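Here's a quick briefing to read with the model open in your viewer. Have a look at the fold before getting into the details.

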Amino acid sequence: MANGLVVVLIIVVALVFDFTNGFNDAANAIATSVSTRALKPRVAVLLAAVLNLAGAFLTTKVAATVGKGIVQTQAVTLTVVGAALVGAIVWNLITWRLGLPSSSTHALIGGLIGAMLVAHGPAFVLTQGIVAKVVVPGLLSPLAGLVIGFLVMLVLYWLFRAWAPARLNRTFRRAQVLSAAYVSFSHGANDAQKTMGVITLSLVAGGFQHKFVVPPWVIVASALAIALGTYSGGWRIIRTVGQRIYRLQPISGFAAQTSAATILLVASLKGLPVSTTHVVSSAVMGVGSTQRVSAVRWGVAGNILIAWVLTIPCAAAMAALVYGLLYLAGAR
């Protein structure tokens, strides 16, 4: 009975994390559409919520990576999962308060690493899996966003070079409805799955499941939580991504969204838990660079980069501290 209550508590905390992921990460899915006024904020949020839910059902490969590819599943305890979640949530709240679009993905992974290091030691952290599934994609996905965003923007400029500005803006404001739907769907296929993986991991650790298989109710609950978080508090991040990095126009917003969504979708199908924040922000930078290098506010981009670099170690340290406190309190 007590074990069941702990699992319920962890599920609640996991959904809270998903909620914070919503106002930290998922805001990226709609930031460009809102900033270019292609969509009204509440309409964009509703669109993101519906498409996040749909995308969450596409695949569970990312959930499997989080649940089985970061730490040894058989060594995971409910205390490890709880400490990992609290560490990730604290880091999400800190970066949200500062208006920095850091990675909720890396915060959760850092939390799992930190809690497991304290609980069982480095032998139970799957270093090879972390490098292959987290570090390498984490480095390549922003680079891909930068390059693909730059190239897509160049192609669009060439194709529509003869169009009058008024017609161009009108056309791409409409097109951004589609690109916003695309990036929201791709986001749901990747980001919501991190929480699915953690909840399923807690069900296995608590003895309620014998195999790592994501139940349908976990998919629905995770998708709804991330959508609600987007609706409730993503506006700080929207301002940073949509305006402070580079002042987007409808055509550049379309280019950034389409580029980012494609990268996210490919990563999801390959089971790679990449960061929506990394991909969207770098795509915006790539698009902005086509105008001129100085059009991108690289100081803001530098602050975001610092947050990216710090996320895994800081979330790991916080989770390690939480695990230590829980251990001293008698939890194992």
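What follows covers the overall fold, the nonpolar cores and one serine.

Keep in mind that this is a predicted model. The protein chain has 14 helices and zero strands, and 58% of its 332 residues count as buried.

**Overall fold**
- Take the contacts between residues at least 6 apart in sequence: 87% of them join residues at least 24 apart.
- The accessible surface comes to about 13,300 Å², and carbon and sulfur atoms own 72% of that.

**Nonpolar cores**
- The largest nonpolar core has 48 residues, and those with the most contacts inside it include Ile70, Val81, Leu85, Met116 and Val214.
- Among the elements giving two or more residues to this core are helix 1 (2-26), helix 5 (78-97), helix 7 (127-159) and helix 14 (298-328).
- Helix 5 supplies the largest share of this core, with nine residues.
- Zooming in on Val214, its contacts are Thr60, Ala63, Met196, Thr200 and Ile219, once neighbours within four places in sequence are set aside.
- There's also a second, separate core of 23 residues, which includes Leu248, Phe254, Val274 and Val287.

**Ser186**
- Ser186 sits in helix 8 (residues 165-190).
- Ser186 counts as buried because its relative accessible area is 0%, with the cut-off at under 20%.
- The Ser186 side chain reaches the backbone oxygen of Ala261 at 3.1 Å.
- Not counting residues up to four places away in sequence, Ser186 touches Ala261, Leu264, Leu265 and Ser268.

Definitions and conventions: Residues numbered from 1 in each chain as written. Predicted model: local features only at pLDDT ≥ 70, side-chain atom pairs only at ≥ 80, totals over all residues. Heavy atoms only, no water. Core = buried A, V, L, I, M, F, W, Y, C linked by side-chain atoms within 4.5 Å. Buried < 20%, exposed > 50% of the residue type's maximum accessible area, 1.4 Å probe, protein only. Helix = DSSP H or I, 4+ residues; strand = E, 2+ residues; numbered from the N terminus. Contact = heavy atoms within 4.5 Å. Polar contact = N/O pair within 3.5 Å; in protein donor to acceptor, adjacent residues only side chain to side chain. Areas by Shrake-Rupley, 256 points an atom, 1.4 Å probe, with all protein chains shown as cover.
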